[in-house]
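Please open the model in your viewer and keep the selection tool at hand. We will take the stops one by one.

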Amino acid sequence: MLPLLWLVPAIPFAGALTLAVLGPRMREKAAAVIGTGSIAVSAVISLFIAAAFLTAPPAAGAYTQTLWTWIDVGSFRPAIAFYLDALSLVMMTVVTFVSFLIHVYSAEFMRGDEGYSRFFAYMNLFVASMVTLLLADNLLLLYLGWEGVGLCSYLLIGFWYQDPANGLAGRKAFIVTRIGDTAMAVGLFLLFHNLGTLRIQDLMHAAQSQWPVGSAYAIAAAALLLGGAVGKSAQLPLQTWLPDAMAGPTPTSALIHAATMVTAGVYLIARTHVLFALAPPVQFAVAVVGAATLLMAGFSAATQNDIKRVLAYSTISQIGYMFLALGVGAWSAAIFHFMTHAFFKALLFLAAGIVIEALHHEHNIFRMGGLRNELPVAFWTFLIGGCALAGLPLITAGYYSKDLILWSAANSTAGGMGLWAAGMAGVVLTSLYTFRLIFLVFFGRLETAVSHRPGLAMTVPACVLAFLSIVGGFGKLPFEALLATALPQFREAGGGMSEALASAAAGLAFLAGLLAAWYAYLQNPSLARSAAANPAGRLLHRFWFSDWGMDWLYDRVFIRPVVWAASANKADVIDSIYDGLAGAAALCYRLLSATETGKLRWYAAWIAGGSVVTLAIVMWL
Amino acid sequence: MFPIREGFLLSGVLFTLGVIGVLVRRNLLFVLMSIEVMLNAAGLAFVAAGARWGQPDGQVVFLFILAMAAAEVSVGLALVLELYHQYKSLDTDAISRMRG
């Protein structure tokens, strides 16, 4: 089964090509069959590969498939090669399977859209790029997939391009992530220059043998890779693009901007974990970035009005948890949280999409309400997803993964109680904003009438994901055993917090957030309003609502100076040099053409004079 | 010995007169005649140099110049006729349509 690995990215790519070429002449049904079918085949193949991998693990826990040499310049010979170990296996299976469910959902959600086949072409291309990124054997191929998913993200955010705001959001996402990508590219140059290869496994071995722990090269390389990860995974300070990315269609938000692409940074760090282990300061920075991001995004999420923006901030916050886990060395906990997050966050977006479509594309949660009985499927699936996100103890998957991260943060040699406390505050916030959302949207009075009920293609994927959001957490122990073949074990510091105590604390934090949301938004709705009405509350609300003023700050610090410089340099100083050259040439032309008088005697005089001067030069000089 | 100094002086004077004629005269026929004077001045210089060193080359070159001058005159006169046809004038300043 394993030799079929190349088909997993190849089939979605073929689907994207087919849809791109023939799509405009296709009927919707054909486009849906090709678009969804290619992902279905890919998902089935990856499930079979997973089964084969688990029953008969390849030697050394990894399988490499080399297709061909991509570039051959001297010692630089990156290949198109795929590397399958437990880490990429988990990522690939989750990505293809969640993608398949979301494609099924999109087949109904996008019905009637004039860009129907274009949408599926982009989505297929996205899956192909994402799988390439995950399976890449060398960092160059990984970078290809990395940029491919960035491109698809841009295309899909601006999918409804007639509205300039969507195009702007797409450009913002593209440019902000490009900042991180530049850092990552420099990191790649640095690694190749010093270690002479880009094959990830060779690179890790070489780094381990050539660089001592804490060496300047390891720190620089890890920091640059972290820059790329921060941009792609929307972490501090490059997180501003993700909330605006919600301008795209809801399935896009579910697939790209929640479940898969934004976790690419987590994957990159886990994949190059050796480098980060060699650079303890950078690894600690990963944890701090994660902790700070999860808190900031949590506060912002609690103030948003747009249902999708709440979910976007919660995505940023949850990826913050993954970074926290990576930073304290709990590699498999981060990947475990990636998996459960992929399930419940995709589910939340799908359920939110059902609500949005049922209410004539209404996004404002204060104009929703009482949908519990109107849209039961959306309600129950959203409730399950929300509980998993907030971490309802013992039942939901999110609890197990987040609990593991919190416990690791408290007990890691690299972590500490400060990180644990930040994570714990994050749990309260998560629970608060999740149930705020649920109470406002599904409880209370009916604010807007329901106009459209979802069909099977939208409810079934949501139900499957709801199922996975619950059972996904029960596989914690075999999951950790599987990942132990690819990632190092978590190093526990002695004398830390016991697992039961950490779990109990997480459960209590969940309950605190739930009660706060219940009291402020259901029991006593005037409380939240009055808190937001007094001046200090209003200021704080505005501050958090605008993402801690980050957009404002970037506008002042980066965008305005650039725009000012551009407008000040409207005349283009550098270009005036070339304009001057052209002007001088034109002047010479005018001078010379003035001698073309058409008067024969003048010509003869010039010739005679010129001959005299030439002869004089020849004779006396 | 042949007085080459005087020969060259005469040739130079003739050539200068020819140049002045070309520059000063506005009638095309006179311009052609001035060119003829310049050619003969050059020929005279060749003949003088050939006589000075007792070589026949100078006179050979003069024959070439004669042949060239005959060709030039025939072409030149044809052009003059054609121009007169077009402009009813032989004034070179009037025929100045080829200015840049």
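A bend at a residue is the angle between two axes, one fitted to the seven residues ending there and the other to the seven starting there. Helices (H or I, at least four residues) are DSSP runs, numbered from the N terminus. Residues are numbered from 1 along each chain as its sequence is written, while chains are lettered from A and ligands numbered from 1 in the order in which they are written. This is a predicted model, in which local features need pLDDT of at least 70 and side-chain atom pairs count only at pLDDT 80 or more, while totals for chains, interfaces and linings use all residues.

Start by selecting residues 550–568 of chain A, which form helix 24. Now centre on R556(A): helix 24 of chain A bends there by about 40°. Among the 19 residues of this helix, the count of buried residues (20 or more other C-beta atoms within 10 Å of a residue's own) is zero.

Next, colour chain A by domain, with bounds from an automatic or database assignment: domain 1 covers 286–533 and domain 2 covers 571–620. The centres of these two domains of chain A, taken over C-alpha atoms, are 79 Å apart.

Where do the chains meet? Ten residues of chain A are in contact (C-beta atoms, placed from the backbone, within 7 Å) with ten residues of chain B. Select helix 26 (residues 600–620) of chain A, which gives the most to the side of chain A that touches chain B, with five residues.

Last, the predictor gives the complex an ipTM of 0.86 and a pTM of 0.79.

Technical notes
Helices (H or I, at least four residues) and strands (E, at least two) are DSSP runs, numbered from the N terminus. The expected span of a helix is 1.5 Å times one less than its number of residues. A residue is buried if 20 or more other C-beta atoms lie within 10 Å of its own, exposed if 12 or fewer, and partly exposed in between; C-beta atoms are placed from the backbone. Two residues are in contact if their C-beta atoms, placed from the backbone, lie within 7 Å.
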